[in-house]
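The paragraphs below follow its faces, its partners, and then a loop and a helix residue.

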Amino acid sequence: MNILIAYASKHGATQGIAERIGSTLTAEGFPVTVRPVEEVDDVTHYDAVVLGSAAYALHWMHAATAFAKRHHRDLAERPVWLFASGPLGEDTVDKEGRDVRESSEPREFDKFADELNVRGDHVFFGKWDPESEPVGLMEKIMEHLPGNPRGSLPAGDFRDWDEVEAWAHGIAEELRAG
């Protein structure tokens, strides 16, 4: 059973999560291909797809959304799992007492749950290096605003590798169960 892990990543955190999912599934005995969504033209020779993106303002990156729309017929014919990375910091509950992962869930999860053969989804914490070069127009604009909002984001790597691997092991179990 060939598995595709396709991702959209701006600063590399989502790529790292995709690679860890891929290495976990490989260790489980599955042939895995890990690629940026821009490098995938055809999903028909994969038996399952894990699709992920960095999330900003409750949305996936455009490249991931465009990928899902472009391949929606083929993705609807095979099991699909969705993931996002984005929340920063160590707080797992927000000011209103909600799980940060749930309140950070990209809107694309609900949208694609109806259109694709989605078996599961998950939001992972991300990472942020305030010294990284700004990517995209919004980050470049933010850098020049008073108080530089980019600099006010919690800095660090908040990805929980045990959580990523546990989620990937769950995918493997589901694929084996058929």
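Both faces of S1 are covered. On one side sit Ile3, Ile5 and Tyr7, and on the other Leu4, Ala6 and Ala8, all of them buried. Buried means under 20% relative accessible area, exposed means over 50%, and partly exposed lies in between, with a 1.4 Å probe and protein chains only. Strands (E, at least two residues) and helices (H or I, at least four) are DSSP runs, numbered from the N terminus.

A word on the source. This is a predicted model, where local features need pLDDT of at least 70 and side-chain atom pairs count only at pLDDT 80 or more, while totals for chains, interfaces and linings use all residues. Residues are numbered from 1 along each chain as its sequence is written, and side-chain values use heavy atoms, leaving out hydrogens and water.

Now look at the partners of S1. Strand S2, residues 32-36, pairs with S1 in the parallel sense over 5 bridges. Two strands pair if DSSP finds at least two bridges between them. Take Ala6 as an example: its bridge partner in S2 is Arg35.

Which residues outside its sequence neighbourhood does Thr14 contact? Thr14 lies in helix H1. At 1% relative accessibility, it counts as buried. Leaving aside neighbours within four places in sequence, Thr14 is in contact (heavy atoms within 4.5 Å) with Tyr7, Ala8, Ser9, Gly52, Ser53, Ala54, Phe83 and Ser85.

Finally, move to the loop between S3 and strand S4, residues 59-60, where Ala57 is found. Leu58 lies in that loop too. Most residues other than glycine have a negative phi. Ala57 is not a glycine, yet its phi is positive, about 50 degrees. Leu58 also has a positive phi, near 65 degrees. How exposed is each? Ala57 counts as exposed, at 68% relative accessibility. Leu58 counts as partly exposed, at 30%.
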